[in-house]
Amino acid sequence: MEIGVSILNIPMLSLADEIEKLNKEAIDYFHLDVMDGHFVENMTFGPDIMKEIAKVADKPLDIHLMVDNPKFFIEKVLDIHPKYVTVHYEAFKTDKAVFDVLEKLRSAGILPGLAVNPTTPAEKIKPFLSEVDVLLQMTVQPGFGGQSFIEDTLDNINQFASWRQQYQYDYVIEVDGGINDETGKLCVENGVDILVLGSYLVCAPNREQALEKVRGVQRKAGN
Ligand SMILES: O=C(CO)[C@@H](O)[C@H](O)COP(=O)(O)O
């Protein structure tokens, strides 16, 4: 099990300091939520800020594009070499457009991811599973941090885990939204590999303890 930290709930003006602090914590990725105010009703940052983040972050970047026009952003982040770039299934009008963008990422040396909103049935994602390295199941409606985990999303998670086994796919399953030690445990028990921690970690009075709680639970479960 790996841990990404979503920086969405960090005040923008303290981003550099907070990233420096988070560099010292036992996390595996910085999860960057890019929002354009169209695909979701919130706006965050664009390529220039991500380039600044890349200069201070010493963990791999996991970019989550909650935008209508992912191609625009992809072109502009190639030179910061993120590990993953994840686009939303719901942002595309045709399956071909989804395949094209996943291929574009792979040919640029970036591991392609597909994100799924809580209400999107797993069946819709099935055609793309052989082409993705990360399957990001949103466990809240995307747009804002601090929401509660939607338990119904466990159905999709189970389905993705079972198809992975059945068809020998090798994508990792990531969850994002409302993740804490308890919901994280539930997710890992259902086949999740990467937990994105947002407000649970960023707003914790003691981040090390908060992380230890999540890692401790997983250790007991043997993951
Ligand atoms: O992408 C999103 C929300 O759209 C997430 O990354 C949240 O930022 C996670 O924050 P918490 O729900 O854990 O507070």
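The legends below describe several close-up views of one predicted model.

**View 1. The whole predicted chain and its confidence scores.**
Averaged over the chain, the pLDDT is 96, and 97% of the residues score at least 70. Among the elements of the chain, strand E6 (residues 134–138) has the highest mean pLDDT, at 99, whereas helix H8 (residues 207–220) has the lowest, at 86. For the model as such, the ipTM is 0.98 and the pTM is 0.97.

**View 2. The shell of residues around the ligand.**
The ligand is surrounded by 21 residues, and the closest of them are Ser 6, Leu 8, Gly 145, Gly 198 and Ser 199. Two elements, strand E2 (29–35) and helix H7 (199–202), are those that give two or more residues to this shell. Sorted by class, the shell around the ligand contains 12 polar, 7 nonpolar and 2 charged residues.

Strand E2 is mostly covered, since 7 of its 7 residues are buried. In a regular strand the side chains alternate between the two faces of the sheet. In E2 both faces are covered, with Tyr 29, His 31, Asp 33 and Met 35 buried on one side and Phe 30, Leu 32 and Val 34 buried on the other. E2 pairs with E1 in the parallel sense over 3 bridges, and the bridge partner of Gly 4 in E2 is Tyr 29. To pass from E1 to E2 the chain runs through H1, and this β-α-β crossover is right-handed. E2 also pairs with E3, again in the parallel sense, over 6 bridges, and here Met 35 stands opposite Met 66 in E3. The chain goes from E2 to E3 by way of helix H2 (residues 47–56), in a β-α-β crossover that is right-handed.

**View 4**
Strand E4 (residues 84–88) is mostly covered, with 5 of its 5 residues buried. The buried residues lie on both faces, Tyr 84, Thr 86 and His 88 being on one side and Val 85 and Val 87 on the other. Strand E3 (residues 61–66) pairs with E4 in the parallel sense over 4 bridges, and His 64 stands opposite Thr 86 in E4. Between E3 and E4 the chain passes through helix H3 (residues 70–77), and the β-α-β crossover made in this way is right-handed. E4 also pairs with strand E5 (residues 111–116), in the parallel sense and over 5 bridges, where Leu 114 in E5 is the bridge partner of Val 87. The path from E4 to E5 leads through helix H4 (residues 95–107), and this β-α-β crossover is right-handed.

Ala 115 is part of strand E5. When residues up to four places away in sequence are not counted, Ala 115 touches His 64, Thr 86, Val 87, His 88, Tyr 89, Leu 136 and Met 138. From C-alpha to C-alpha, Ala 115 and His 88 are 4.6 Å apart in space, although they are 27 residues apart in sequence.

**View 3. Ile 10 in the loop between E1 and H1.**
Ile 10 is found in the loop between strand E1 (2–6) and helix H1 (15–23). With 20 other C-beta atoms within 10 Å, Ile 10 is buried. Apart from residues up to four places away in sequence, Ile 10 touches Leu 15, Glu 18 and Val 202. Ile 10 and Ile 74 are 64 residues apart in sequence, and their C-alpha atoms are 23 Å apart in space.

**View 4. Backbone positions with a positive phi.**
Most residues other than glycine have a negative phi. His 81, in the loop between H3 and E4, has a positive phi near 50 degrees, and His 81 counts as exposed because it has 12 C-beta neighbours inside 10 Å. Gln 168, in the loop between helix H5 (153–167) and strand E7 (172–176), has a positive phi near 60 degrees, and Gln 168 is exposed, with 8 other C-beta atoms within 10 Å. A glycine, Gly 191, follows H6 and has a positive phi near 110 degrees. Within helix H6 (residues 181–189), the buried residues are Thr 183, Gly 184, Lys 185, Cys 187 and Val 188.

How values were computed: Residues are numbered from 1 along each chain as its sequence is written. This is a predicted model: local features need pLDDT of at least 70, side-chain atom pairs count only at pLDDT 80 or more; totals for chains, interfaces and linings use all residues. A residue is near a molecule or strand if its C-beta atom, placed from the backbone, lies within 6 Å of it. Ala, Val, Leu, Ile, Met, Phe, Trp, Tyr, Cys and Pro count as nonpolar, Asp, Glu, Lys and Arg as charged, and the others, Gly among them, as polar. Two strands pair if DSSP finds at least two bridges between them. A crossover is right-handed if, with the strands pointing away from the viewer, the path from the first strand over the helix to the second runs clockwise. pLDDT is the predictor's confidence in each residue, from 0 to 100. Two residues are in contact if their C-beta atoms, placed from the backbone, lie within 7 Å.
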